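The following explanation leads through one protein model step by step. Please keep the sequence and the three-dimensional view at hand while reading.

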Amino acid sequence: MKLNRRIFMGSSAAAMASLSSPAVLADGHGKPRVVVIGGGAGGATVAKYLAKDSKGEIDVTLVEPTRTYFTCFFSNLYLGGFKDIDDLGHTYGTLAAKYGINVVHDWAVNVDRDSKTVTLAGGSKLPYDKLVLSPGIDFVEGAVEGWSIAAQNAMPHAYKGGSQTELLKAQVMAMPEGGTFAMVAPPNPYRCPPGPYERISMVAHVLKANNPTAKIIVADPKDKFSKQALFQEGWANHYAGMVDWIGSDFGGGNVSVDPNAMTITIDGEETKVDACNVIPAMKAGRIAELAGVTDGNWAPVNAADMSTKADADVYVLGDSSQQGDMPKSGFSANSQAKVCANAVRGALTGSKVFPAKFSNTCWSLIDTDDGVKVGATYEATDEKIAKVDGFISATGEDSATRKATYEESEGWYAGITADMFG
Ligand SMILES: Cc1cc2nc3c(=O)[nH]c(=O)nc-3n(C[C@H](O)[C@H](O)[C@H](O)COP(=O)(O)OP(=O)(O)OC[C@H]3O[C@@H](n4cnc5c(N)ncnc54)[C@H](O)[C@@H]3O)c2cc1C
């Protein structure tokens, strides 16, 4: 079945099937105020649903520094030549004009949970009744020996959307004939579990066409990875002999890089590389740490409404949250945002709150029309967001199934971006 926008949104609405008791608003200053930090998959969605469904009863402010959000989702397809960079960019005009969201293009630099205010880089302060954080990820300093954020131009991470992805693509295209592309893959947990391996597939796809004697090395601190059998089957079928994946059993976790010399050393063996994609260990976006709602890495949340364990008036969505079984994906963040919007609106206006239900699917493209997927549904338990049931593409599937899976992913991309920004 092709997943189109209507089906995508309809299934989310259907997930909110029954009612629970309304909460009470305690508010001494007119309309309740919600501040959302981060205008990505979690933040744009929660802001939109809060504003749309409350029909003006809640003041919603969305703080996001960039005027155009470039999705990480489908950024690998840009690397592979299947999408243009402009296909990935989305703006906030409709959220402001259609839903009345106060969109502020600035960085949030501090959160004072006692006075319930957010400070912006520009100096102004935003008071809130409820605060939602969806700031994505930051990198753990010193996670890869020899690499720091100062080296991101020589060895891009391309794990935040936009210019980093363009830089990595330019470096791949500039590789000399027969050159070497290296990736340092991240340890769990990290944003988009299949992302590094879809990226390898897409880099292999462009190299096969433009530079067929080039080589790809992956140094991986893990001994297994998402959709591994599917990717390895695809690499063998489409890119035979090109990809050398070195897992932790073979020293893949014992890695250092030298961005000046453009070398990578894996388990003591140094290799000169022509392009190097370093994806370090990750943690919650820095503002979550500054708000004091993380455990040092991620922000533990309650599954029923995504409120933090540290503060019932502060919610964390998406990659920054530590919620249980859901992978860190755009689909997950969007799904969590709808649950959170419903719960926050209920808490502030007394509207009906529905039981939390979540879903996720991660599609990956291995080669032209060779799409695979993995997904699951989830529910809220007292401890966590818990997996209910799941599915995964099979190895050896016929080409019509794989093509249909790819087309489904295109429908999903159109649906989620319209759901976030339309
Ligand atoms: C290569 C790659 C491929 C991927 N493919 C897929 C896919 O196919 N499907 C899928 O579902 N997911 C995919 N993902 C994962 C997906 O991009 C993330 O999981 C998703 O974007 C998480 O949403 P979020 O709201 O947590 O963070 P983001 O979408 O990253 O949004 C965070 C926003 O917060 C803003 N921000 C950060 N700090 C501050 C601050 N202090 N003040 C104000 N704003 C701030 C940032 O500018 C950013 O816009 C992929 C990721 C990568 C890297």
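Predicted model: local features only at pLDDT ≥ 70, side-chain atom pairs only at ≥ 80, totals over all residues.

Ala158 is placed in the loop between strand S10 (137-139) and helix H5 (163-173). The phi angle of Ala158 is near 50°, which is a positive value in a residue other than glycine. Most residues other than glycine have a negative phi, and most peptide bonds are trans. Is Ala158 buried or exposed? With a relative accessible area of 2%, Ala158 is buried, because the cut-off for that class is under 20%.

The domain assignment gives two parts: domain 1 comprises 5-138 + 282-421, and domain 2 comprises 142-278. The C-alpha centres of the two domains, domain 1 and domain 2, lie 28 Å apart. How many residues of each domain are in contact with the other? In domain 1 there are 36 such residues, and they are in contact with 30 residues of domain 2.

The ligand is surrounded by 34 residues, and the closest are Glu64, Tyr69, Ser134, Arg191 and Asp319. Sorted by class, the shell has 17 nonpolar, 11 polar and 6 charged residues. Which helices supply at least two residues each to this shell? They are helix H2 (41-54), helix H3 (75-79) and helix H9 (330-349). The largest share of the shell, 3 residues, comes from H9.

Several atom pairs show how the ligand is placed against the protein. An oxygen atom of the ligand lies 2.5 Å from a polar side-chain atom of Tyr69. At Ala108, a backbone N or O atom lies 2.9 Å from a nitrogen atom of the ligand. At Ser329, a polar backbone atom is 3.4 Å from an oxygen atom of the ligand. Taken alone, the ligand exposes 1000 Å², and 93% of that is buried by the protein.

Lys283 counts as buried because its relative accessibility is 18%, and the limit for buried residues is under 20%. The side chains of Lys283 and Glu289 are joined by a polar contact of 3.4 Å. Arg402 is buried, with a relative accessible area of 5%. Among the residues that Arg402 touches, not counting those up to four places away in sequence, are Leu230, Glu233, Asp369, Asp370 and Ala394. Thr401 lies in helix H10 as well. Is Thr401 buried or partly exposed? Thr401 counts as partly exposed, because its relative accessibility is 32%.

Thr401 and Glu379 are 22 residues apart along the chain, and their C-alpha atoms are separated by 29 Å. Ala304 and Glu383 are 79 residues apart in sequence, and from C-alpha to C-alpha they are 9.6 Å apart in space. Ala304 lies in the loop between strand S19 (299-300) and strand S20 (314-316). Leaving aside residues up to four places away in sequence, Ala304 touches Val339, Ala356 and Ala380.

Technical notes:
Residues numbered from 1 in each chain as written. Heavy atoms only, no water. Near = heavy atom within 4 Å. Polar contact = N/O pair within 3.5 Å; in protein donor to acceptor, adjacent residues only side chain to side chain. Areas by Shrake-Rupley, 256 points an atom, 1.4 Å probe, with all protein chains shown as cover. Helix = DSSP H or I, 4+ residues; strand = E, 2+ residues; numbered from the N terminus. Nonpolar A, V, L, I, M, F, W, Y, C, P; charged D, E, K, R; others polar. Buried < 20%, exposed > 50% of the residue type's maximum accessible area, 1.4 Å probe, protein only. Contact = heavy atoms within 4.5 Å. Domains from an automatic or database assignment.
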